[in-house]
Amino acid sequence: PTLFFYSIMVDIDLDSFPLETGWNLTCGGTLKASFPPGSYIDPTEEILLVYDDVNYYAECLFVIVDTAEDGICCSNGLGSYNITILDDANYTLLAIGNDGQFGAGKQEYFRVEDSILTL
């Protein structure tokens with residue numbers, strides 16, 4: 001069978017206390033990114049990363065944590081995150097967003113295959 005590959009874009013806006021925030025992305029059992037709490041210092045830092053070559057059948061897990069257990073919104077700034085699956089023409093197949101209100105942490109499970117089947 002032909003294997004198709006896609007890209008995953010992670011876009012995070014931090015709150016006023018970026019040292020508290022960490023996240024990781026795993027797809028198909030491969031760790032694509034890992035930024036533990038303490039990785040970010042500047043609350044205005046733009047986090048926009050794209051991970052290519054994600055297999056069509058890969059199960060992915062995005063995990064974000066906040067050591068103060070208050071998420072990245074709202075009393076300490078208006079943080080949020082978005083995860084987007086893109087095809088080879090940069091067409092959005094799936095977008096997962098969160099307004100930053102997740103307490104100590106949030107896990108997002110998704111599969112590229114499911115995003116295509118639900119269009």
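Author: Searching the whole structure turns up two disulfides, a disulfide being a pair of cysteine sulfur atoms within 2.5 Å. This is a predicted model, in which local features need pLDDT of at least 70 and side-chain atom pairs count only at pLDDT 80 or more, while totals for chains, interfaces and linings use all residues. Residues are numbered from 1 along each chain as its sequence is written, and side-chain values use heavy atoms, with hydrogens and water left out.

Reader: Which residue does Cys-27 pair with?

Author: Cys-27 is joined to Cys-60, with an S to S distance of 2.3 Å. The pair links distant parts of the chain, 33 residues apart, with Cys-27 in strand β2 (residues 21–27) and Cys-60 in strand β5 (residues 59–66); strands here are DSSP runs of E, at least two residues, numbered from the N terminus.

Reader: And is Cys-60 buried or exposed?

Author: Cys-60 is buried, at 2% relative accessible area, where buried means under 20%, exposed over 50% and partly exposed in between (1.4 Å probe, protein chains only).

Reader: What about Cys-73, what is it joined to?

Author: Cys-73 is joined to Cys-74, with S to S at 2.2 Å, and this disulfide is right-handed because the torsion about its S-S bond is about 80°. Cys-73 is buried at 13%, whereas Cys-74 counts as partly exposed at 39% relative accessibility.

Reader: Switching topic, where is Thr-84?

Author: Thr-84 lies in strand β8 (residues 80–86). Leaving out residues up to four places away in sequence, Thr-84 touches several residues, including Ser-7, Met-9 and Leu-94, contact meaning heavy atoms within 4.5 Å.

Methods
Helix = DSSP H or I, 4+ residues; strand = E, 2+ residues; numbered from the N terminus.
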